Amino acid sequence: MYIDVSGMLSSYGTDITIYKPATAERVGGFTFGSGYGDPESRHEPVLPANTAKSILAAYVSGGQVEDYDFVWLSTGNYPMGTKVDAKKQGQSCKVVGIANYTDYSDLYIYELKGDSQHDQSSGD
């Protein structure tokens with residue numbers, strides 16, 4: 001059984017901008033290429049953690065309540081450290097946890113932590 005959640009995520013989504021961490025290249029013991037890649041726009045739900053923790057805690061972290069501010073429901077595969085600008089929440093966040101449900105769905109659940117180091121208008 002496979003559950004396609006893309007329609008539901010689009011229906012309940014908000015506009016967000018995603019920045020994947022840039023690929024670092026190691027040359028002669030030095031690392032080059034820090035920062036983020038080009039922005040990607042998506043329309044997917046970003047929920048406040050206080051709402052989502054009680055509902056999703058058992059699914060995301062096996063029942064443990066972790067320290068995160070938002071939960072992002074997505075069909076995209078992104079690495080830890082990805083930056084998410086959630087316009088509706090007015091917050092720039094980073095992915096600090098990932099739950100992968102692609103064995104039976106197209107769903108990834110990302111735990112997001114607010115990133116006060118970056119404002120929403122920059123790609124840093």
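# Note on the strands, ring cluster and buried residues

1. In strand β8, Lys83 has Lys94 as its bridge partner. The model discussed here is a predicted one. Lys83 belongs to the pairing of strand β7 (residues 83–86) with β8, which is antiparallel and runs over four bridges. The side chain of Lys83 also has an aromatic neighbour: Lys83 lies over the face of Tyr19, 5.0 Å from the ring centre.

2. The protein contains two helices and nine strands, and their order along the sequence is α-β-β-β-β-β-α-β-β-β-β. Of the 124 residues, 40% are buried. Among contacts with a separation of 6 or more, residues 24 or more positions apart supply 60%.

3. The mean pLDDT of the protein is 79, and 72% of the residues reach at least 70. Strand β4 (residues 40–44) has the highest confidence, at 95, while helix α2 (residues 49–61) has the lowest, at a mean of 54. Residues 118–124 have a pLDDT below 50, yet this stretch makes 18 contacts in the model beyond near neighbours in sequence. Where pLDDT is low, predicted coordinates should not be read in detail.

4. Ala86 is part of strand β7. With a relative accessible area of 1%, Ala86 falls under the 20% limit and is therefore buried. The C-alpha atoms of Ala86 and Thr17 are 6.9 Å apart in space, although the two residues are 69 apart in sequence.

5. Strand β8 also pairs with β9, again in the antiparallel sense, over seven bridges. In this pairing Asn100 stands opposite Tyr108 of β9. β8 spans residues 91–100 and β9 spans residues 108–114, and the loop between them holds Ser105.

6. Is Ser105 buried or exposed? Its relative accessible area is 5%, so Ser105 counts as buried, although it sits in a loop. A polar atom of the Ser105 side chain lies 3.5 Å from the backbone nitrogen of Leu107. Leaving aside residues up to four places away in sequence, Ser105 touches Tyr2, Ile3 and Val5.

7. Across the whole structure, a search returns five aromatic pairs. One of them joins Trp72 and Tyr78: the ring centres are 5.3 Å apart and the planes are at 35°, so the pair is tilted. Trp72 is buried at a relative accessible area of 0%, and Tyr78 is buried at 4%. Another pair joins Tyr108 and Tyr110, with centres 6.0 Å apart and planes at 20°, so this pair is stacked. Tyr108 and Tyr110 are both buried. Through ring pairs, Trp72, Tyr78, Tyr108 and Tyr110 are linked into a cluster.

8. Arg42 lies in strand β4, the element with the highest confidence. Why does Arg42 count as buried? Its relative accessibility is 19%, and the limit for buried is under 20%, so Arg42 falls within that class. The side chain of Arg42 makes a polar contact of 3.1 Å with the side chain of Glu40.

9. The surroundings of Arg42 reach other parts of the chain. Not counting residues up to four places away in sequence, Arg42 touches Thr14, Asp15, Ile16, Ile18, Trp72, Ser74, Thr75, Gly76 and Tyr78. This list includes Trp72 and Tyr78, the partners in the tilted ring pair. Gly76 is 34 residues from Arg42 along the chain, and the C-alpha atoms of the two are separated by 9.3 Å.

Terms used:
Residues numbered from 1 in each chain as written. Predicted model: local features only at pLDDT ≥ 70, side-chain atom pairs only at ≥ 80, totals over all residues. Heavy atoms only, no water. Buried < 20%, exposed > 50% of the residue type's maximum accessible area, 1.4 Å probe, protein only. Polar contact = N/O pair within 3.5 Å; in protein donor to acceptor, adjacent residues only side chain to side chain. Contact = heavy atoms within 4.5 Å. Pairing = 2+ DSSP bridges. pLDDT = per-residue confidence, 0-100. Phe/Tyr/Trp six-rings, centres within 6.5 Å; stacked < 30°, edge-to-face > 60°. Lys NZ or Arg CZ within 6 Å of the ring centre and 35° of its normal.
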